[in-house]
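Here is a short briefing on one structure. Keep the sequence and the 3D view open while you read.

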There are 2 protein chains.
Amino acid sequence: MTEGGAAGGRDSAADGNSTVTTGAGRRPLGRELILTEAVRFIDQRGQDRLTMRRLGAELSVEAMALYRYVPGREQLLDGVVEHVMNELYETTMTKELATSWPEYLERMAQGVRAVAIGHPRVFPLVAVRPPAAPWLRPPLRSLRWVEGFLEALAKFGFSAQQSVLVYRAFATFLLGHLLLETATLAGEAEAPIEDDTEVAGTDALSAYPRLTSLSAQLSQDAFEDEFDDALHDLIKRVAHFRS
Amino acid sequence: MTEGGAAGGRDSAADGNSTVTTGAGRRPLGRELILTEAVRFIDQRGQDRLTMRRLGAELSVEAMALYRYVPGREQLLDGVVEHVMNELYETTMTKELATSWPEYLERMAQGVRAVAIGHPRVFPLVAVRPPAAPWLRPPLRSLRWVEGFLEALAKFGFSAQQSVLVYRAFATFLLGHLLLETATLAGEAEAPIEDDTEVAGTDALSAYPRLTSLSAQLSQDAFEDEFDDALHDLIKRVAHFRS
DNA sequence: ACCTGAACACCGTTCAAGT
DNA sequence: ACCTGAACACCGTTCAAGT
């Protein structure tokens, strides 16, 4: 239960949420602070351990205090998703503009991947929480972001229909690749391998000769290469859409 | 709280766990029965509403009775995943054998899709629960099944390395497509649209002109066509692996 | 052998009350 | 204005006790 210790940190009050520590070592509560802490909590300990009571404790506050800023646990999780995906908006969209659509698509795909890898235990939430509208496709689930995406494609000469196809294809692509990659990353974080659970080490595989002989190749991950290869194939497919 | 009513069912006492219905109209508890009921429960009411106590009630038993057959809630959910994916094994693998690898891959992909669509609210569990081994990739997460998959590909002349690539590419493909499709299906099941939640109807879109003008095309789903198209492209890509 | 009652430690959430 | 205490209805899980 270590807390902060000597506070006294001095941060430039440039943007909104930089409201220095109070004397008691507790920053002024607020939606932003709560979401930031929730993301950190999930990054470290996983979603299922995130509890209103524990999150409150992390902020030196009773759980009930959180309800002034967040309607409930479900909306908290939605907020976490939104909060994390905002990194993408700041990163990808703020940079200097891409000069071709393949470059644009490449960059945004890599941007989403960077966010996912940065928060492997949050990404399943991004993937699985019901989006604000039924036609939004995780992980590309922010209205603002999708609007920007369609705008960019239009600028590069895509028709409306084509843009929708590209949006869908990219969402599907990113979801599949990144959910698998982040699952592996999140798994590595713990796995202090237990005893009688079915961990399926090389021992339990005896009944499956091919798995046994391939376990080496199956184990070595190549997510980055797979992602890059599949991404380039997808971009080729998109080029095909345009004809 | 309706129960069974007049029981009197007569079942052949062929295998081990068939200890005939008690007079009270309650089938003999057991892992199989519990899992079947759990799947049905999730299909109807969703995973978050599944509770040991409620599942017990559904089986006319106190929650504690379940612990004799299932170690706990987590393992129950793993059991549900396994149980559902077994449908695939029975369906796809039991049929007459495919005569070419493209046919085989096509069939198995369609088989997985059929299972996913049959249990849209279970599929997220299939996608997201940590698999038995870290190199298993949901939704293709059964050791037995993957062994069969590799065996089939070997039969069609794929090398070990190639087979691993195909396994990974298919898992990624299926995960992305089917998670998005089942999310939509599961969403349709409820959505008795609420009032002040962010449902993002055509109204809330006013700030996003492109989304507004495309809402029609975005809303009409084309999951089947997308799936089939992408599947065939994937099969082409696989053909490329073989060179 | 199989199920239940009672109990424990924990949840999310509400609301009157404190400061 | 902002937080807390106490309370409510619910969890998962354990274990001694019933039949």
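In this predicted model, a side-chain N or O atom of R54(A) sits 3.2 Å from a phosphate oxygen of DNA strand C. That pair is a polar contact (N or O atoms within 3.5 Å). Residues are numbered from 1 along each chain as written, and chains are lettered from A in the order written. Local features need pLDDT of at least 70, and side-chain atom pairs need 80 or more.

**DNA strand C**
- R73(A) uses a backbone N or O atom, 2.8 Å from a phosphate oxygen.
- Near the strand (a heavy atom within 4 Å) are 17 residues, and R53(A), Y67(A), E62(B), R68(B) and Y69(B) come nearest.
- Helix α2 (residues 52-58) of chain A gives the most to this surface, with 3 residues.

**E226(B)**
- E226(B) belongs to helix α9 (residues 223-241) of chain B; a helix here is a DSSP run of H or I, at least four residues.
- E226(B) is buried, because its relative accessible area is 14%, and buried means under 20% (1.4 Å probe, protein chains only).
- Beyond neighbours within four places in sequence, E226(B) is in contact with R137(A), R168(A), T172(A) and H177(B); contact means heavy atoms within 4.5 Å.

Technical notes:
Side-chain values use heavy atoms; hydrogens and water are left out. Helices (H or I, at least four residues) and strands (E, at least two) are DSSP runs, numbered from the N terminus. Buried means under 20% relative accessible area, exposed over 50%, partly exposed in between (1.4 Å probe, protein chains only). A polar contact is a pair of N or O atoms within 3.5 Å; within protein, one must be able to donate a hydrogen and the other to accept it, and residues adjacent in sequence count only if both atoms are side-chain atoms.
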